[in-house]
Amino acid sequence: MPIEELADIAALSLFYFQRLFARLVKKPVREYIKLRRLAYAVASLENGDNHIVDIAVKYGFGGRETFSRAFKETYGLSPSEYRNNPVALNHFDKPNLLLNYVMIDENVPLITEGIVLEYSRKTLDEPVHFLGIEDLWQFKSGKMLGERTGVSEPAAIWGKFYDVLKDIPSCGRLVGVSYHGGAPEGYSTYFVGAEVDHNVANSDFTRWVLPPREYIVCQYEAENFDQLVASLGKMMKFTRYWLKEHGLQADGFFPEIYYNSPSKTSFAYMEMWIPFKEREDNKSEVL
């Protein structure tokens with residue numbers, strides 16, 4: 001659909017429609033349309049019966065060369081490379097603009113577009129121990145999940161973890177957590193592990209500990225696991241907004257805790273345990 005028609009539907013001039021769209025979505029209209037078309041095209045590429053040129057035409061790219069160039073610029077590999085070796089990709093999310101303007105109190109669920117968010121404060125009295133693996137992933141400054149595109153490095157780390165999970169005497173939950181650790185500039189450390197008893201030791205694996213303290217816990221549900229993953233970026237952006245509106249800021253790491261294997265599409269619940277502190281700008285206002 002031409003941008004002029006979209007502007008007419010919104011009852012705005014073309015100039016104001018494009019300005020408003022860019023302010024709300026943080027992308028120009030044409031760039032956003034291209035990124036969303038590419039996200040849909042990825043699913044078609046996974047079907048080996050579809051010719052790449054047909055996929056290109058179906059999603060409005062005109063031809064294989066134009067489609068391949070846009071795909072590689074966005075994801076860092078060509079459509080053929082992806083088809084021959086499928087990897088997890090990060091897409092630019094379809095925005096949920098409601099999340100930019102709705103605020104909820106603690107212990108009050110927010111239901112929107114098939115997901116449920118609820119925030120509460122919890123105090124952890126005893127440390128929780130996890131054993132697993134860690135690796136580095138390249139961090140793009142200012143780009144959160146749902147805003148950045150390319151191959152998902154954390155997903156690859158989860159894949160390595162599942163290869164060794166059978167060797168970990170797990171007693172419960174799984175965790176994925178990003179933190180600086182000893183990462184060089186431009187990178188973060190990402191750990192994936194399984195909960196173990198505190199006295200379990202295994203030198204083949206890395207230990208990560210969720211320390212005792214007070215947390216803001218974001219409980220996050222979706223209709224199925226695919227939707228849970230697809231909406232994770234929106235949840236994280238809303239969480240940043242929620243903390244700011246409550247005069248708080250995250251204090252370090254952001255562990256995602258799963259109560260079942262996130263590889264199962266029937267699983268649709270996770271918690272993010274966020275250590276927090278008072279925002280620095282709040283302190284200056286008080287002084």
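How many helices and strands are there in the protein chain? Here are some notes to read alongside the structure, which is a predicted model.

1. **Overall make-up.** The answer is 10 helices and 12 strands in the protein chain. Of its 287 residues, 43% count as buried. The chain exposes about 15,500 Å², and carbon and sulfur atoms supply 51% of that area.

2. **Contacts along the sequence.** Take the contacts between residues at least 6 apart in sequence: 71% of them join residues at least 24 apart.

3. **An aromatic pair to look at.** The structure holds 20 aromatic pairs. One of them joins Tyr215 and Trp273, whose ring centres are 5.5 Å apart with planes at 70 degrees, so the pair is edge-to-face. Tyr215 belongs to strand S9 (residues 213–222) and Trp273 to strand S12 (residues 269–278), so this pair ties together parts that are 58 residues apart in sequence. Tyr215 counts as buried because its relative accessibility is 0%, under the 20% cut-off. Trp273, at 8%, is buried too.

4. **Other aromatic features.** You will find one aromatic cluster formed by Phe61, Phe67, Phe71, Tyr75 and Tyr82. Elsewhere, do have a look at Arg36: its charged end sits over the ring of Tyr40, 5.4 Å from the ring centre.

5. Leu12, Phe15, Tyr16 and Leu20 make a nonpolar surface patch of about 400 Å². Leu20 lies in helix H2, which covers residues 14–25. With a relative accessible area of 40%, Leu20 is partly exposed.

6. **Two backbone angles worth a glance.** Lys26 is not a glycine, yet it has a positive phi of about 70 degrees. Lys26 is in the loop between H2 and helix H3 (29–45), and its relative accessibility of 64% makes it exposed. Asn107 also has a positive phi, near 65 degrees, and is likewise a residue other than glycine. Asn107 is placed in the loop between strand S1 (89–90) and strand S2 (110–112).

7. **A serine between two helices.** Is Ser231 buried or exposed? Ser231 lies in the loop between helix H8 (225–230) and helix H9 (232–245). Its relative accessibility is 8%, so Ser231 counts as buried, the cut-off being under 20%. Setting aside neighbours within four places in sequence, Ser231 is in contact with Ile115 and Tyr220.

Key:
Residues are numbered from 1 along each chain as its sequence is written. This is a predicted model: local features need pLDDT of at least 70, side-chain atom pairs count only at pLDDT 80 or more; totals for chains, interfaces and linings use all residues. Side-chain values use heavy atoms; hydrogens and water are left out. Patches are made of residues with over 30% relative accessible area and no salt bridge: like charges are joined within 9 Å, nonpolar side chains (Val, Leu, Ile, Met, Phe, Trp, Tyr) within 5 Å. Accessible areas come from the Shrake-Rupley method with a 1.4 Å probe; for residues, only the protein chains shown count as cover. A salt bridge is a side-chain nitrogen of Lys or Arg within 4 Å of a carboxyl oxygen of Asp or Glu. Helices (H or I, at least four residues) and strands (E, at least two) are DSSP runs, numbered from the N terminus. Buried means under 20% relative accessible area, exposed over 50%, partly exposed in between (1.4 Å probe, protein chains only). Contact means heavy atoms within 4.5 Å. Rings of Phe, Tyr and Trp (its six-membered ring) pair if their centres lie within 6.5 Å; planes under 30 degrees apart count as stacked, over 60 as edge-to-face and the rest as tilted. A charge sits over a ring if NZ of Lys or CZ of Arg is within 6 Å of the ring centre and within 35 degrees of the ring normal.
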